[in-house]
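Load the model and keep the sequence beside it. The walk below goes from charged pairs to the core and then to the strands.

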Amino acid sequence: MNSFVSSRARVGKRVYIGEFAQILGASEIEDESIIDSRVIIGYPKKANLVKILEKDKLDLKMLDSLSSGTKISSRAIIRSGTIIYENVTIGENVETGHNVLIREDTIIGSNTKIGTGTIIDGKARIGNNVNIQSHVYIPLLTIIEDDVFIGPGAVFLNDKYPPSKKLVGVTVKKGAVIGGGSIILPGITIGERAVIGAGSVVTKNVPPETIVIGSPARPYGKREDFDAKKRIYESAP
């Protein structure tokens, strides 16, 4: 099938590995997972990758030797074109769309979905039951707690005065909803079960259970209002 599985990797039972996939380093793929075509698991981080320049022979086995691997828990679906760096831990039932990038030192909880074209740029912490839609950007040091929804094209930032040497991540508390196309500035905390309206630019912390909209985002209502409107919308014919 023209795929590559490192001799150091551990692959569980009933794991499908597609054509031209690469499982590098001491990676672990647990049972009943799907690793689609042209997926790379355990790609070396820069500090290890540059060591390849010290070698006379440059090939896939050399790349493999530089990777410490990554862990994919059981029943994962990793779709084609996805690249997951080394030192990543992914929980059970995680699903990616196509062409997702997950950089090193990231932890992702169970039952989380990551949409097509999304970038998670390393050292992020993402909880359980998180729904990340397509083309979301999540930079270094972002923390996303359980049960969060993030709409398509949302952008999180971590540099107040770019380019600077000090990065400050965004924190999204449990159960929050981030509307599509929103921009969340560095260091912001989105409170538990808060709602960010689509296209908003969030420049200040958002209290729990609060709806904010606009640019800059301002309070608009409470989560109970959002939930009530949602129930009416869903019950309408």
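Is Lys-71 buried, partly exposed or exposed? Lys-71 is partly exposed, at a relative accessible area of 31%. The scale runs as follows: buried is under 20% relative accessible area, exposed is over 50%, and partly exposed lies in between (1.4 Å probe, protein chains only).

The model is predicted: local features need pLDDT of at least 70, side-chain atom pairs count only at pLDDT 80 or more, and totals for chains, interfaces and linings use all residues. Residues are numbered from 1 along each chain as its sequence is written, and side-chain values use heavy atoms, with hydrogens and water left out.

Start with the charges. The whole structure holds 9 salt bridges. Each one is a side-chain nitrogen of Lys or Arg within 4 Å of a carboxyl oxygen of Asp or Glu. One of them joins Lys-71 to Glu-30, at 3.5 Å from N to O. This pair links distant parts of the chain, 41 residues apart. Glu-30 sits in the loop between β5 (28-29) and β6 (34-35), while Lys-71 belongs to strand β8 (residues 71-72). Strands here are DSSP runs of E, at least two residues long, numbered from the N terminus. Glu-30 is partly exposed too, with a relative accessible area of 21%.

Now take Arg-103 and Glu-104. Their closest N and O atoms are 3.1 Å apart, in a salt bridge. Glu-104 counts as buried at 15% relative accessibility. Arg-103 counts as partly exposed at 23%.

Lys-173 and Glu-145 form another salt bridge, with the closest N and O atoms 3.4 Å apart. Here, too, distant parts of the chain are linked, 28 residues apart. Lys-173 lies in the loop between β23 (171-172) and β24 (177-178). Glu-145 lies in the loop between β20 (143-144) and β21 (149-150). Both ends are partly exposed: Lys-173 has a relative accessible area of 31%, and Glu-145 has 26%. Elsewhere, salt bridges that share partners tie Arg-193, Glu-209, Arg-223 and Asp-227 into one network.

Next, find Thr-142 in the loop between β19 (137-138) and β20. Thr-142 is buried, at 0% relative accessibility. Its side chain reaches the backbone oxygen of Pro-139 at 2.8 Å. Leaving out residues up to four places away in sequence, Thr-142 touches Lys-123, Ala-124, Arg-125, Gly-169 and Val-170. Touching means heavy atoms within 4.5 Å.

Then turn to the nonpolar side chains. In soluble globular proteins, such side chains tend to be buried together. A nonpolar core is a set of buried Ala, Val, Leu, Ile, Met, Phe, Trp, Tyr and Cys residues joined through side-chain atoms within 4.5 Å. The largest one has 45 residues, and Phe-156 and Ile-190 touch the most other members. A second, separate core has 7 residues, among them Leu-24, Ile-40, Ile-52 and Met-62. Beyond four places in sequence, the contacts of Ile-190 include Val-172, Lys-173, Ile-178 and Ile-196.

Ile-196 leads on to the strands. Its bridge partner in β29 is Val-212. Strand β27 (residues 195-196) and strand β29 (residues 210-213) pair in the parallel sense over 2 bridges. Pairing requires at least two bridges found by DSSP. β29 also pairs with strand β30 (residues 218-222), in the antiparallel sense over 4 bridges. There, Val-212 has Pro-219 as its bridge partner. β29 and β30 form a hairpin with 4 residues between them. In the turn, Gly-214 has a positive phi of about 100°.

Notes. Polar contact = N/O pair within 3.5 Å; in protein donor to acceptor, adjacent residues only side chain to side chain.
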